[in-house]
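The stops below are meant to be taken in order.

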Amino acid sequence: MSQDGSRSFPKGILGFPVTPFKESGEVDQNALEQNINFLVKEDVSALFIGCGSGEFQSLGEKEYRQLIEAAVHGSKNKVPVYTGVGGNIKEAVKQAEVSEELGADGYLMLPPYLIQGEQEGLYHYFETVINSTDLNAVVYQRNNAVLDVDTVERLTAFPQLIGMKDGLGNMELNVEITQTLGSRLEWMNGMPFAEVTMPAYYKLGFETYSSAISNYIPHISRIFFEALKKEQHDKVQQLYQDVILPINHIRKKRKGYAVSLIKAGMEIMGMPVGQAVRPPLVPVEKEHYTELENVLKTAMEKYPLKNKQEG
């Protein structure tokens with residue numbers, strides 16, 4: 001929240017750091033800080049720490065605090081920091097309170113644990129979390145937490161709610177919600193490998209998205225998004241063919257690759273995160289790792305890094 005009490009959320013590409021683990025199983029603090037510093041340097045619009053890419057489901061309480069502290073410190077007040085909160089209602093409220101205590105700007109409300117709730121139950125779940133702090137809140141549409149138009153509209157009565165992230169892909173529902181609520185919320189594309197679906201989302205008013213590849217080839221994320229906004233259809237199509245669809249093809253080969261493949265890409269690009277993930281996730285298999293190496297080699301040849309001054 002700004003000093004004048006207004007709430008806003010920056011549009012553009014969102015950075016979702018991973019949680020690097022040592023061989024011993026502990027969080028690798030050095031690699032974590034490098035990941036955060038890299039994303040800040042690459043001008044992501046916000047950091048989302050300890051969310052899906054950060055293996056929220058497997059973090060202990062001390063580790064959760066460790067990640068938030070690293071992100072708040074590493075952001076240097078250049079970009080807002082959001083956390084992941086969710087699970088059972090007591091844990092979600094506690095995580096929101098910890099996020100506020102440690103200086104985060106807001107949080108992403110992940111689905112409640114296991115239960116398929118009715119709309120009234122989901123409303124009260126999110127209402128309880130939202131009212132536990134004064135932080136900015138973003139609701140996440142996916143899995144067992146799919147809100148209809150009326151429920152989202154009811155939640156907008158709380159000024160803390162500033163955005164909705166969609167990880168469901170129900171475009172009819174997205175049309176209904178965005179056209180009903182207009183500019184009241186910031187609309188965020190949170191589909192796995194969001195670049196794949198961003199052209200469809202952008203036309204609905206989704207001007208913000210989570211980019212997995214920004215962890216290792218952020219310049220390509222930027223090239224893609226700029227081409228999309230400028231309606232450079234040939235360039236968008238070429239990026240699909242050269243980079244986006246080949247990586248997405250690998251991602252779909254195993255469950256959990258939405259996270260594991262990020263770490264593999266980072267390692268290939270020289271970032272010391274390792275490939276360790278916590279169960280039930282599995283590391284990227286050697287064959288698929290080699291495929292990703294080849295895709296990234298082609299990507300860097302066709303879209304080499306430039307100094308920011310060069311555009």
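The model is a predicted one.

**Stop 1: the core**

Select Phe48, Tyr107, Met109, Tyr216, Phe224 and Ile247. These residues have the most contacts inside the largest nonpolar core, which has 100 residues.

Keep Tyr216 selected and show its surroundings. Which residues is Tyr216 in contact with, leaving aside its neighbours within four places in sequence? They are Phe38, Ile247, Leu261, Ile262, Gly265, Met266, Met269, Met271 and Leu296.

**Stop 2: α8 against α9**

Two packed helices are described by the angle between their axes and the distance between the axes. Select helix α8, residues 218–229, together with α9: the two pack at about 150°, and their axes are 9 Å apart. Because an angle over 145 degrees counts as roughly antiparallel, α8 is placed in that class relative to α9. Their crossing is left-handed.

For the contact itself, show side chains on both helices. From α8, pick Ile220, Ile223, Phe224, Ala227 and Leu228; across from them in α9 are Lys235, Val236, Leu239, Tyr240, Val243 and Ile244. Sorted by type, the residues of this contact are ten nonpolar, no polar and one charged.

**Stop 3: α10 against α11**

Next select helix α10, residues 257–268, and α11, which covers residues 286–302. The angle between α10 and α11 is about 55°, and 10 Å separates their axes. The pair is therefore classed as oblique. The crossing of α10 and α11 is right-handed.

Show these side chains to see the contact:

- On α10: Tyr257, Leu261, Ala264, Gly265, Glu267 and Ile268.
- On α11: His288, Tyr289, Leu292, Glu293 and Leu296.

The residues of the contact between α10 and α11 comprise seven nonpolar, two polar and two charged.

**Stop 4: His288**

Stay on α11 and centre on His288, which is found in this helix. Is His288 buried or exposed? Its relative accessibility is 4%, so His288 counts as buried, the cut-off for buried being under 20%. Leaving aside neighbours within four places in sequence, His288 touches Ile250, Lys253, Arg254 and Tyr257.

**Stop 5: the loop between α10 and α11**

Move to Pro280, in the loop between α10 and α11. Select Pro279 as well and look at the peptide bond that runs from Pro279 to Pro280: this bond is cis, with omega near 15°. Most peptide bonds are trans, and most residues other than glycine have a negative phi. The last stop turns to phi.

**Stop 6: two positive phi values**

Go to Asp43, in the loop between α1 (29–41) and β2 (46–49). Asp43 is not a glycine, yet its phi is positive, at about 65°. With a relative accessible area of 54%, Asp43 is exposed.

Then select Phe193, in the loop between β7 (186–189) and α7 (198–202). Phe193 is also a residue other than glycine with a positive phi, here near 50°. What is the relative accessible area of Phe193? The value is 7%, so Phe193 is buried, whereas Asp43 is exposed.

Conventions: Residues are numbered from 1 along each chain as its sequence is written. This is a predicted model: local features need pLDDT of at least 70, side-chain atom pairs count only at pLDDT 80 or more; totals for chains, interfaces and linings use all residues. Side-chain values use heavy atoms; hydrogens and water are left out. A nonpolar core is a set of buried Ala, Val, Leu, Ile, Met, Phe, Trp, Tyr and Cys residues joined through side-chain atoms within 4.5 Å. Buried means under 20% relative accessible area, exposed over 50%, partly exposed in between (1.4 Å probe, protein chains only). Contact means heavy atoms within 4.5 Å. Helices (H or I, at least four residues) and strands (E, at least two) are DSSP runs, numbered from the N terminus. Axes are lines fitted to C-alpha atoms, for helices over the stretch in contact, and angles run from 0 to 180 degrees between N-to-C directions. Angles under 35 degrees count as roughly parallel, over 145 as roughly antiparallel, 65 to 115 as roughly perpendicular and the rest as oblique. A crossing is left-handed if the near helix is turned anticlockwise from the far one by less than a right angle, and right-handed if clockwise. Ala, Val, Leu, Ile, Met, Phe, Trp, Tyr, Cys and Pro count as nonpolar, Asp, Glu, Lys and Arg as charged, and the others, Gly among them, as polar.
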